[in-house]
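Here is a short briefing to read alongside the model.

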Amino acid sequence: MKEYPIEYLSAAPWTFLSNEIVRTLEKKKGKCQSLDSLADIFVGLQTSADPIYIIEPKSEEKGIIKFIDCNGRKQEIEAAITKPCIYDMQLEKYAKIEENRRIIFPYYQKGKKQVLYSIDEMKQLFPKTLKYFESFKEELCKRSINNMSENNWYQFGRSQSLKRFVKGDHLVWSVLATQGNYVYDARTICFTGGGNGPFYGLEKKDDTRESLFYIQAVLNYWMIEMVVKSKASKFRGDYYSHGKQFIETLPIYKIDFNDPTEAEKHREIVEHVQTIMTLKQQLEVAPNAAQRAVIERSITAVNNDLNSAIDELYQVQHQNDEE
């Protein structure tokens, strides 16, 4: 009878890990730290009215965005109160995140806090946006929000995660996916959602020395993804959850920066990730099939080198990843 360490399993259905992976994880337990000890995992913005706050611009001119609202009406708002946003899309690991929506973000930074623009500030700075909100005032006021008043009825449903979308480098991933799809984001692109996604974000803790690119590589690594799959809830079409409860305890190899060999391995892994990201951007603008084929071969080669480098840290036999 095969036994499994309890931290690698859950009450949800799972695909059992192989004996080799279980032995590897047990052997490297002392050299690993849980993901949540290295980084903070956060949910998206929670507007409680995404169809109103998330818009798809039709044009932008002189700081004014024109769009069709969720009721089919022509609207216009000030671009300065919006942020780039992703909505209803699947991410691809190591690829660049491209916004496909804008989100109205009626907050500004004051000290370390995000503060809602007052009605007077909205009238002065964003009169078109206020007029747009007023056209949905009845719907916005129906949301279940504590301390709602005539001065704040256009606020988000919850203030959770507001500070995460102001600045800073993040990893972002789709909760439902068929493989690891952790993507680097330096633009602080917004997304919405709670514990069930559709996206999650990750931000390094201040005292974490490992690069965010290193953490990204380990999360996208084939063996770590098998651990996720062994625990996660399963859905149709081979999709399974990459929710916080399934990834926060993942065993991330802790680099000993006093060991020149491990420090060099960390540098090598980060370099491989950055190379793959650059190649994927080149792939998007490749002018013909021949050049795309050359770039794709390069991506496969560098990805294999990346996996081999992480294999050496965990001391497991190499297994090719699917690109």
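How many nonpolar, polar and charged residues does the lining of the second largest pocket have? The answer is one nonpolar, two polar and five charged residues. Please keep in mind that this is a predicted model.

**The second largest pocket**
- The space in this pocket comes to about 190 Å³.
- Its lining consists of Gln109, Lys112, Gln114, Lys163, Arg164, Val166, Lys167 and Glu203.
- Two of these lining residues, Arg164 and Val166, are also among the contacts of threonine 188, which has its own group of points below.

**The chain as a whole**
- The protein chain has 323 residues, and 49% of them count as buried.
- Its secondary structure is made up of 11 helices and 17 strands.
- Along the principal axes, the C-alpha atoms fill a box of roughly 65 × 50 × 45 Å.
- Among contacts with a separation of 6 or more, 67% are between residues 24 or more positions apart.

- Helix α10 covers residues 260-284, which is 25 residues, and spans 37 Å from first C-alpha to last, close to the 36 Å expected at 1.5 Å a residue.
- The buried residues of α10 are Glu262, Lys265, His266, Ile269, Val270, His272, Val273, Ile276, Met277, Leu279 and Lys280.
- As background to such a list, an α-helix has 3.6 residues a turn, so residues three or four places apart point the same way.
- The cover over the buried residues of α10 includes β13 (183-185), α7 (212-220), β17 (251-253) and α11 (289-314).
- Alanine 286 sits in the loop between α10 and α11.
- Alanine 286 counts as buried because its relative accessibility is 13%, and the cut-off for buried is under 20%.
- Leaving out residues up to four places away in sequence, alanine 286 touches Gln291, Arg292 and Ile295.

**Helix α8**
- Helix α8 (residues 222-231) is mostly covered, with eight of its 10 residues buried.
- Those buried residues are Trp222, Met223, Ile224, Glu225, Val227, Val228, Ser230 and Lys231.
- Their cover includes α1 (19-27), α7, β16 (240-241), α9 (244-247), β17 and α11.

**Threonine 188**
- You will find threonine 188 in the loop between β13 and β14 (193-194).
- Is threonine 188 buried or exposed? With a relative accessible area of 6%, threonine 188 is buried.
- A polar atom of the threonine 188 side chain lies 3.3 Å from the backbone oxygen of glycine 168.

**Backbone details to check**
- Glycine 197 and proline 198 are joined by a cis peptide bond, with omega about 20°; proline 198 belongs to strand β15 (residues 197-204).
- Serine 48, in the loop between β2 (39-42) and α3 (50-53), has a positive phi near 65° although serine 48 is a residue other than glycine.
- Aspartate 88 also has a positive phi, near 55°, and lies in the loop between β7 (82-85) and β8 (101-104).
- Aspartate 88 is exposed, as its relative accessible area is 68%.

Terms used. Residues numbered from 1 in each chain as written. Predicted model: local features only at pLDDT ≥ 70, side-chain atom pairs only at ≥ 80, totals over all residues. Heavy atoms only, no water. Helix = DSSP H or I, 4+ residues; strand = E, 2+ residues; numbered from the N terminus. Expected span 1.5 Å × (residues − 1). Buried < 20%, exposed > 50% of the residue type's maximum accessible area, 1.4 Å probe, protein only. Contact = heavy atoms within 4.5 Å. 1 Å grid on protein atoms, 1.4 Å probe; cavity = no way out; pocket = protein on both sides within 12 Å on 5 of 7 lines; lining within 4 Å. Points joined across faces, edges and corners; volume = space filled by probe spheres on them. Nonpolar A, V, L, I, M, F, W, Y, C, P; charged D, E, K, R; others polar. Polar contact = N/O pair within 3.5 Å; in protein donor to acceptor, adjacent residues only side chain to side chain.
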